[in-house]
Amino acid sequence: MSKVPIHPSITKHLLVAITQKRERFLTLKAHLEKYNFSVAICTDMYEGLATIRQDMPHFIITESFLSDGSATSLFDTLEKEPPLNRIPIIVQVLKKTRQELEEVSKRKFSAFLLGACEPGVVVNKLAELLKSFGNASPFFSSTYTLPFNKAFHVRVQSVAVGQTSELFVCKSAVEIDLNAKMIINPKDPDKKPILIKSASNMTKEDQHYNLFPKRTIQGPGRIWVESLSEMNLGSAYPPAPNQVQSQEQQKQVIYYDKDRSRGEQICEFLGAHDIVSTYTDNLKRVYSILAQRAEDIDCVYLHELGNTANDIEFKNDLKKLKDGTRPPFLIATASMSARSSAAFTFIRTPFGLNKMLQAFEMCFVNSLRSKNAAEPINLVGESAEYNIVAKLIGIDEIGGVLQTSFALRPGTSFTVGFEVLQEVWSKYSETFTITGCMPLPKQENVWQSRFEVISGTGSRLKLWQASSSQLEAYTKSL
Amino acid sequence: MNRACLCVNLDSNEEHISDFKVELTSFEGEIFAAHTKERSLAYIEDKNLIALIIFTNQWTQEIDSVLHSFQQAANPNPEHIFVVSLENDPSVMKGCFEYGVEQFFGAEGWQESVSNIITSELLPTIEQDSVQLKLQQVGQALKTADQKEIGELSKELEEASKYDYVAAIARGKLLEATGSYEDAEESFKSGEKLNRTYVPAIQSLCETLIVLGKTEEAIPRLEKLEKMNKNSFQRKVLLSQAHTKTGDLEKAKTYLSEAGLIAPDDPKLKEAEVAYLISNNQIGEAMKKLDETENIGHYLASKLNEIGVRFSQNNQSEKALVIYQKAHRAVRKELKHKISLNAGIACYRAKKYSESMKFLQRSKAEYGSAYPKLIRVANSVKKAMAEGGKS
């Protein structure tokens, strides 16, 4: 069992159901898929064992008697094949006959289902079992306290393509979070690394342009950033403190906050940054302005948008707006799990005004994009690598779970800056992929991601064995 | 080196604040908790603080003073300051923006996040990054006014000030302390360019611009900042000084009154009032008020030097010396050597050579060594004495 809590939603659990009649499990399969499970149905023990050996499921549900065996013989077979003996087996006792009950009572199964499968009952049983191995895979081995953690980090390939007066722009295959904090290492050894904080993204044909505010850059590498080619992303940024902005260049924002005093004070602050805000404490008014002149608005700020009747009505109203006219939204929220996109940027409360300004600026860039402003294409730049400090929480049959201080978007491809595991894992795939990422409840800036080293083909068992033995050898060598 | 953390909650009582000591469990250094401004300032002065954690839901002038002192004396880097706040109060947001503080946390879960940042980011940086280590030393160097250390630190931060805005501002302050205002201006401008929303960079630059008489550059910057937040005492004082310098005494007085409403007891207010009275030719009153001030900064020090020089050049050395004597008591430690030098020059002009030499000796001791201008003046005094001049 894991020594740290694993977020229940980051792991997609695979369940193998072995039945004599496929249709018995079809309803359950549909039901479980709603709960982040994937279900493989096998119609005999032979097929079941093959699937178990190949996919290393997190649960097995089997009928007590199968066409070519029984739950007991399945139990005995797996018992001889560690680590497959870690998989909890739930036995379905269909007819509840004495013979059937006697048969299943001979082994220590994890749970029983009496009679036909009730999806609700199965979900409850699975939830109980999941708790017993900390929401992770049964093959999960905690590495949280191992001493290598200081050396572990996530590496993402990128190209530093240019700069504007305010932004440093890199191209990569991933989107970077607004709260990102990471080191960018240029491949050129003469150039020094930089530390960046905060980012937003522009996406064009599967390529992501990661935009980093230059004022958040730290480290001596800032000097080489200034030598990159100039790019034109339009006038997304307000002028320097001693410059005056022309009226056309000023940004137009609708500012919604139920707290009038706060709203007015923040609008006054934004005004000093040449962001002209129309304040309102009424969502209907927000929509009415958008309906009249959405194309003049560079961003809509909403301080908390919940699920009240008014909020829902507003969300529905938004759908009525003409395609492509809706400006980007910046939403302040207390939710830790809200994820930003090009259309909706979330900023977590409480926040500082500089963070708010950065978030507005990012929205303005997105607003320019939707208005077909200049886009960075065909730019050649400096090869670089994002280095994100991470903690490896544990390994499992497809990869493992890691922890970072900001969200890593699902789909992010990466390698790891820890040779002991990189060496083993690179035999399975050139890069590894984030498959799920969630924040830990009641802990700010702690995000857990599950990642895949192996997907599709390749033996999960061999990967798991190789990772485990490599880590064991490394730990002993310390 | 053992590092400590200071938790400040000015809304709380002592019993409650002691709870914080157990909350930052993963931080291995000492944790101090304060519930009054005075105690907070004492910890900032005495302890080797790495981080400041402020608990507040509303901005007060006392919190402003604590933040100001922490950045001046302990660490100028805003990343070493954390704010735990239940809600987004605009006064807290604006107040923190004045100091570049951006690390906000809600009441739930702040402990682990703050502990993590301190232990895994701030501590290793301080220990491994020479620039961060130097930044921690700036406050102490300015406090002791050790010109040798100030000079060395300024040299060591020169490269970093090209890419690090906090280093650029720290270097600017060091350069100011040596009297190199033009170089300080350049360093502050570099800080402003590196981070155009960092208020301490802009205000420090404006302070120097005012001393240099470049009010046409300082006033628009300050007015723009004033639009963002009308409750900054420091800025009202700077605006008052800038307008005093331009001769717009009416505006200067308005800002002075507004500053007085925000922090009537702040010593900086008296300092600005003295400058205003001098410009309004109320020298007598100004001198009386000067006796009530201490730790006065560059602007008033330069103004006092200016009127001293004027008296001395008009053969009113006695009057000049009275001003220098009062100024010497009141100015910050790093500015005293200049007052002593000017007093030496006033005595030289009045042909009081022995007295002049005494002031020059004092200036040398305050500076830490002889410096070019002092050597030039001392040579002139010696020459005059050798030619038979007696005091």
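**Note on salt bridges, a helix and the A–B contact**

1. A:Glu33 and A:Lys29 form a salt bridge, with their closest N and O atoms 3.2 Å apart; the term means a side-chain nitrogen of Lys or Arg within 4 Å of a carboxyl oxygen of Asp or Glu. The two are four residues apart in helix α1 (residues 26–33) of chain A, and so are separated by about one helical turn. A:Glu33 is partly exposed at 38% relative accessible area, and A:Lys29 is partly exposed at 25% (buried is under 20%, exposed over 50%, partly exposed in between, with a 1.4 Å probe and protein chains only).

2. This is a predicted model, in which local features need pLDDT of at least 70 and side-chain atom pairs pLDDT 80 or more, while totals for chains, interfaces and linings use all residues. Residues are numbered from 1 along each chain as its sequence is written, chains are lettered from A and ligands numbered from 1 in the order in which they are written, and side-chain values use heavy atoms, without hydrogens and water.

3. A second salt bridge in chain A pairs A:Glu226 with A:Lys214, at 3.3 Å between the closest N and O atoms. This pair links distant parts of the chain, 12 residues apart: A:Glu226 lies in the loop between α6 and β15 (251–256), and A:Lys214 in the loop between β14 (207–213) and α6. A:Glu226 is partly exposed at 36%, whereas A:Lys214 is buried at 4%. Helices (H or I, at least four residues) and strands (E, at least two) are DSSP runs, numbered from the N terminus.

4. In helix α3 (residues 71–79) of chain A, the buried residues include A:Leu74, A:Phe75 and A:Leu78. The buried residues of α3(A) fall within an arc of 160° seen down the axis, so they line one face of the helix; the arc is that of the directions from the helix axis to the C-beta atoms. They pack against elements of chain A including α2 (45–55), β6 (89–93) and α4 (98–104).

5. The contact between the chains (heavy atoms within 4.5 Å) takes 40 residues from chain A and 33 residues from chain B. Six salt bridges are found across this interface. One of them joins B:Arg196 to A:Glu361 at 2.7 Å, N to O.

6. B:Lys230 and A:Glu268 also meet in a salt bridge, at 3.6 Å. The pair crosses from the loop between α12 (215–228) and α13 (233–246) of chain B to helix α7 of chain A. B:Lys230 is partly exposed at 43%, as is A:Glu268 at 36%.
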